[in-house]
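Good morning, and thank you for making time for this item.

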Amino acid sequence: KKPAGCNSDIRLYRYTEGQRFGRHVDGAKITLKGRTEFTVLMYLCECDGGATQFFRDHDGPTVLYEFQPTQGAVLLHAHGQRCLTHAGAPVRGGTKYLLRTDVVYQ
């Protein structure tokens with residue numbers, strides 16, 4: 001497969017104090033350009049808390065990796081069948097802004 005670009009469906013997420021995004025896996029989508037294979041998260045600011053956490057399994061407590069929002073950072077991870085269960089931890093202070101898109105392959 002070859003990369004064909006990014007999904008034109010770009011989302012802006014905003015999380016304020018106390019908000020979080022629960023455990024989930026990102027599903028692949030079929031677009032006009034091809035099939036999405038990777039999630040791209042672009043962090044627009046820093047906040048207290050709000051880390052993206054990746055878990056060993058869907059229901060277990062073990063966090064394999066945690067990425068704290070840093071302004072200008074980009075986090076890329078596989079989705080679809082290869083996606084690890086992940087979550088956005090609660091924001092403890094400030095506001096978390098990020099953009100999300102997907103890398104599309106043909």
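Let us begin with leucine 41. Setting aside neighbours within four places in sequence, leucine 41 is in contact with Thr52, Ala73, Val74, Leu75, Leu98, Leu99 and Arg100. Please bear in mind that this is a predicted model.

Leu41 also belongs to the largest nonpolar core, which has 10 residues in all.

I turn now to strand β4, which spans residues 35–43. Which strands does β4 pair with? One partner is β11, residues 96–105, which runs antiparallel to β4 and is joined to it by eight bridges. Within that pairing, threonine 39 stands opposite aspartate 102. The other pairing I would point out is with β8, residues 74–78, again in the antiparallel sense, over five bridges. There, valine 40 has leucine 76 as its bridge partner.

Strand β4 also holds glutamate 37. Is this glutamate buried or exposed? Glutamate 37 counts as buried because its relative accessible area is 10%, and the cut-off for buried is under 20%. Its side chain makes a polar contact, at 2.9 Å, with the side chain of lysine 1. Not counting residues up to four places away in sequence, glutamate 37 touches Lys1, Ala78, His79, Arg82, Val103 and Tyr105.

Next comes strand β6, residues 52–55. In a regular strand, side chains alternate between the two faces of the sheet. In β6 both faces are covered: Thr52 and Phe54 lie on one side, Gln53 and Phe55 on the other, and all four are buried.

As for its pairing, β6 runs antiparallel to β7, residues 63–67, and four bridges join the two. Phenylalanine 55 stands opposite valine 63 in that strand. β6 pairs in the antiparallel sense with β9 too, residues 86–88, over three bridges; here glutamine 53 has alanine 87 as its bridge partner.

Finally, the largest pocket. How much space lies in it? The computed figure is about 190 Å³. Its lining comprises 16 residues, and those nearest the centre are Tyr13, Tyr15, Phe21, His24 and Leu41. The elements giving two or more residues to that lining are β2 (11–15), β3 (21–24), β4, β9 and β11.

Thank you for your attention.

How values were computed: Residues numbered from 1 in each chain as written. Predicted model: local features only at pLDDT ≥ 70, side-chain atom pairs only at ≥ 80, totals over all residues. Heavy atoms only, no water. Buried < 20%, exposed > 50% of the residue type's maximum accessible area, 1.4 Å probe, protein only. Pairing = 2+ DSSP bridges. Polar contact = N/O pair within 3.5 Å; in protein donor to acceptor, adjacent residues only side chain to side chain. Contact = heavy atoms within 4.5 Å. Core = buried A, V, L, I, M, F, W, Y, C linked by side-chain atoms within 4.5 Å. 1 Å grid on protein atoms, 1.4 Å probe; cavity = no way out; pocket = protein on both sides within 12 Å on 5 of 7 lines; lining within 4 Å. Points joined across faces, edges and corners; volume = space filled by probe spheres on them.
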